Amino acid sequence: MIERIVIIDNADPVSFYGVNNCNMQLIRNLFPKLRVAARGTVIKVIGDEDETAEFEAKIHELEEYCQKYNRLTEDVILDIVRGQKPADMRSDGVIIFGINGKPISARNANQQRMVESVAHNDLTFALGPAGTGKTYIAIALAVRALKNKEVRKIILSRPAVEAGEKLGFLPGDMKDKIDPYLQPLYDALEDMIPPVKLKEYMESNVIQIAPLAFMRGRTLNDAVIVLDEAQNTTTQQIKMFLTRLGMNAKMIVTGDATQIDLPRSTSSGLIQALRILDGVEGIGRVDFGRKDIVRHALVQRIVDAYDRFDKSDKKEETPEQ
């Protein structure tokens, strides 16, 4: 009789063990000659050397499957333990599998262009109106790179600019103050990473919150860096941000030139950066349009209505010759 310790450190424990530990109970039933005890990320197994070795191998296969698909079902457990290949979920064009195995993939041609641009360029600008999924796809690509161990961390940044209203001083530490501005990024992360794993990543700084004001002097290596709402950066801020790019790192910059919340006297750094960097090798650009909006159908009609209003308003302001 020997004792083995198996560590589950890649898959989410909640997904792996199942509701009320139902998955673990099934695994115990499939290895009746072994004594198995599981606590947190540690599984202790006692029994014959060959059987415990087989148990460890099967646990790691199950862990790999659970990490990839964010779910573990009874059928999959039975297939893997019996030595059969489980019927994989459809993975053609899937970026990652989110919570409960939800496949996340490009939903239109421009989202697919964004995926390809990030693959072939170290810096990608994704530009377009609200609801086109540019931020969501950026987060999905960052999470995929992290899960595939292509990078060691994800860094999220967003200008702390209020959309037309002054919130005053916010209480708490730096994270508490910047969190309200980064909520859209958190919403995307919560769709893709199980809560326990996401909390672990946040606490260990694998996923970092990096306010623009505190980025100066850093070199960001082995990371995917996402700058959201870049239209609200100043010319100095975006230059400082873009020059943080380190080795084995990729930057994704998203923005919408029609939603600039800066004071009228302040120029958007994004608009200037696009002019200056036009044609520079290693930089990709994807322009989304109203037809790419993937939110509620009403969102596209709202955007169209505001565009018509802006055009008519400009005509009224133009003096007749």
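Trainee: What lies 3.0 Å from a polar atom of the side chain of Thr-132?
Mentor: The backbone oxygen of Pro-129. A polar contact is a pair of N or O atoms within 3.5 Å; within protein, one must be able to donate a hydrogen and the other to accept it, and residues adjacent in sequence count only if both atoms are side-chain atoms.

Trainee: Before we go on, what kind of model is this?
Mentor: It is a predicted model: local features need pLDDT of at least 70, side-chain atom pairs count only at pLDDT 80 or more, and totals for chains, interfaces and linings use all residues. Residues are numbered from 1 along each chain as its sequence is written, and side-chain values use heavy atoms, with hydrogens and water left out.

Trainee: Back to Thr-132. Where does it lie?
Mentor: In the loop between S6 and helix H6 (134–147). Helices (H or I, at least four residues) and strands (E, at least two) are DSSP runs, numbered from the N terminus.

Trainee: Is Thr-132 buried or exposed?
Mentor: Buried, at 0% relative accessibility. Buried means under 20% relative accessible area, exposed over 50%, partly exposed in between (1.4 Å probe, protein chains only).

Trainee: What is Thr-132 in contact with, leaving aside neighbours within four places in sequence?
Mentor: Gln-111, Phe-288, Gly-289, Asp-292, Ile-293 and Val-294. Contact means heavy atoms within 4.5 Å.

Trainee: New topic. What's the strand order in the open sheet of six?
Mentor: S8-S7-S9-S10-S6-S11, with parallel pairing. Strand S8 (207–209) and S11 stand at the edges with a single partner strand each, so one side of each has no neighbour in the sheet. The twist averages 15 degrees from one strand to the next. Two strands pair if DSSP finds at least two bridges between them.

Trainee: How many bridges pair S7 and S8?
Mentor: Three, in the parallel sense; S7 covers residues 153–157. Ile-154 stands opposite Ile-207 in S8.

Trainee: Which strands does H10 touch?
Mentor: S6, S10 and S11, as H10 packs on the sheet. The direction of H10 makes about 125 degrees with that of S6. Axes are lines fitted to C-alpha atoms, for helices over the stretch in contact, and angles run from 0 to 180 degrees between N-to-C directions.

Trainee: Which residues of H10 are buried?
Mentor: Gly-269, Leu-270, Ala-273 and Leu-274, in a helix that spans 269–276. They line one face, because they fall within an arc of 135 degrees seen down the axis of H10. That arc is of the directions from the helix axis to the C-beta atoms. The face turned away carries the exposed residues Arg-275 and Ile-276.

Trainee: What about the three-stranded sheet? What's its order?
Mentor: S1-S3-S2, open, with antiparallel pairing. Strand S1 (2–7) and strand S2 (35–39) are the edge strands, each pairing on one side only.

Trainee: How many bridges join S1 to S3?
Mentor: Six, and S3 covers residues 42–47. Glu-3 has Ile-46 as its bridge partner in S3. Helix H3 (residues 49–69) packs on this sheet and touches S1, S2 and S3.

Trainee: Last one. How many disulfides are there?
Mentor: Zero in the whole structure; a disulfide is a pair of cysteine sulfur atoms within 2.5 Å.
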